[in-house]
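Visitor: Hi, I'm new to this one. Please walk me through it, bit by bit.

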Amino acid sequence: SGRWPWRLPSPVGTQMAVELQALEAVLAERAQALGAVILRGAGVQSVQMGADEVQVEAGGQTFRGRWLVGCDGGRSTVRKQCGFSFAGTAPEFTGHSLSVELEDPTVLSPGRHTTAQGMCNFNPPGTIALADFDGGAGHRQPLDRESAQALLRRISGREATITALHLATTWTDGARQATAYRRGRVLLAGDAAHVHSPLGGQGLNLGLGDAMNLGWKLAAVVRGEAADALLDTYQAERHPIGARVLEWSRAQVALMRPSAGSRALAAIVADLAETRDGATYLAERVWGVGQQLDLGHTHPLVGRSTPDFLMVDGRRMGELLRAGQAVLLVFDAAASLCEEVDVERAGILSIAQPAVDSLGLSALLVRPDGIVAWASDGADAAGLAQAVQEWMGSAGREAIA
Ligand SMILES: Cc1cc2nc3c(=O)[nH]c(=O)nc-3n(C[C@H](O)[C@H](O)[C@H](O)COP(=O)(O)OP(=O)(O)OC[C@H]3O[C@@H](n4cnc5c(N)ncnc54)[C@H](O)[C@@H]3O)c2cc1C
């Protein structure tokens, strides 16, 4: 906690395993409650970008809109149709996820093991992930029980016998990122903007972070509250974070290669992970707690995710952000500061004496995506007024008002 003073005690765990299907159901329900129309089975076939609108052919219909966001996954049609460049590195291995029944599960050791042929991760009784360093040749090649068994034996080096194969899917460590996230009226988010190996489970959060960053900006532009230029800050803020996750996944592949050099490097990294600083560094990268956008301010909280404050009325910070507005928290002694600024015009939800603060802050302005835009430790009325002005400027409101 000494390294991450802003990480307040929270009921949210540090690891949240969730099935994609369950998460999609929650997100779809929320989108529909807000009025979004979801057309299923109507894949986008073609996209035409114009100066003032985008035209999409999907499911035999033509749709026109001012903006299009391609969130259509790693093989994104939108990305390909609109000429985005997708740069990166080719796969070194094929990953196989298998769900099997084994004659004798004790033949395999539970957990993740690097072997002379690749990597075998066994989660008893029958969930197995294998990495086969074949340059990605096995990707999307069908496996039956016999070929899955041969693969398992070759990679694990154990005489395992598969009696039933329930599921076999493949993936790779190909790592690519769109060099631009916006071309004219088209934007990319999620896997459409970046793909990498699922080792370490970073992809989903990366896409959710894109959506949070882009969502409020696009809404402000569509409502006419902000100039189009606000959308360029999406790429400026999110591209470096995506690039860092790609680096992280490439580093893991480098440690997994079945070469003597990689084995030696992995042993050194394992030793470093046993140290306090090493473990802290790794946790910081996995959780993303070290992430900080360069918003050009001096307070150490600016550019970071907001601490999860507990409000006096029992609500938590995340609940306040559900309204999709910026939130101004003005703590105890500085409560009169709230009267100094026209929060309504600035589109800010303002709460005086809101929270149990243990961080010694007097006031905090949080963007709709949960990123701290301004923070102060003193009762600085002029600073707050200026911060609100700056917020309006950065959100494009100044230009429109
Ligand atoms: C084996 C594996 C394990 C993983 N494990 C983890 C993990 O543990 N943790 C983690 O964070 N991430 C993990 N990931 C990564 C994670 O699944 C992705 O990063 C995430 O699903 C990306 O979400 P997305 O919405 O951008 O794309 P997708 O989930 O791919 O969704 C894209 C959607 O667009 C639709 N679509 C495609 N083409 C069109 C079209 N032309 N028109 C209209 N719609 C279209 C698709 O049907 C799909 O519904 C894993 C990935 C794999 C392959």
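Guide: One term before we start: two strands count as paired if DSSP finds at least two bridges between them. Keep in mind too that this is a predicted model. Now take strand 4 and strand 13 (residues 186-188), which pair in the parallel sense over three bridges. Leu68 stands opposite Val186 in strand 13.

Visitor: What order do the strands have in that open sheet?

Guide: The order is 4-13-12, three strands with mixed pairing.

Visitor: And which strands stand at the edges?

Guide: Strand 4 (68-70) and strand 12 (182-183). Each has a single partner strand, so one side of each is left without a neighbour in the sheet.

Visitor: Okay, what about the open sheet with antiparallel pairing, which strands form that?

Guide: Three strands in the order 5-11-14. Here strand 5 (86-89) and strand 14 (194-195) are at the edges, and because each has a single partner strand, one side of each lacks a neighbour in the sheet.

Visitor: How many bridges are there between strand 5 and strand 11?

Guide: Four, with strand 11 covering residues 175-178 and the pairing antiparallel. If you want a spot to look at, Phe86 is opposite Ala178 in strand 11.

Visitor: Which helix lies across those strands?

Guide: Helix 5, which lies across strand 5, strand 11 and strand 14 and runs at about 175 degrees to strand 11. Helix 5 (residues 232-256) also packs with helix 6 (residues 260-273), at an angle of about 115 degrees and with the axes 7 Å apart.

Visitor: Which residues make that helix contact?

Guide: From helix 5, Ala254, Leu255 and Met256. Helix 6 brings Ser262, Arg263, Leu265, Ala266 and Val269. By class, the contact has six nonpolar residues, one polar and one charged.

Visitor: Switching topic: how many residues surround the ligand?

Guide: There are 16, and the closest are Val44, Thr77, Asp191, Gly203 and Leu204. The shell splits into six nonpolar, eight polar and two charged residues. Helix 4 (residues 203-222) gives the most to it, with three residues.

Visitor: What do Val44, Asp191 and Leu204 do there?

Guide: A polar backbone atom of Val44 is 2.7 Å from a nitrogen atom of the ligand. Asp191 has a polar side-chain atom 2.8 Å from a ligand oxygen atom. For Leu204, a polar backbone atom is 2.9 Å from an oxygen atom of the ligand.

Visitor: How much of the ligand's accessible area does the protein cover?

Guide: The protein covers 53% of the 990 Å² that the ligand has on its own.

Note on methods. Residues are numbered from 1 along each chain as its sequence is written. This is a predicted model: local features need pLDDT of at least 70, side-chain atom pairs count only at pLDDT 80 or more; totals for chains, interfaces and linings use all residues. Side-chain values use heavy atoms; hydrogens and water are left out. A residue is near a molecule or strand if one of its heavy atoms lies within 4 Å of it. A polar contact is a pair of N or O atoms within 3.5 Å; within protein, one must be able to donate a hydrogen and the other to accept it, and residues adjacent in sequence count only if both atoms are side-chain atoms. Accessible areas come from the Shrake-Rupley method with a 1.4 Å probe; for residues, only the protein chains shown count as cover. Helices (H or I, at least four residues) and strands (E, at least two) are DSSP runs, numbered from the N terminus. Ala, Val, Leu, Ile, Met, Phe, Trp, Tyr, Cys and Pro count as nonpolar, Asp, Glu, Lys and Arg as charged, and the others, Gly among them, as polar. Axes are lines fitted to C-alpha atoms, for helices over the stretch in contact, and angles run from 0 to 180 degrees between N-to-C directions. Contact means heavy atoms within 4.5 Å.
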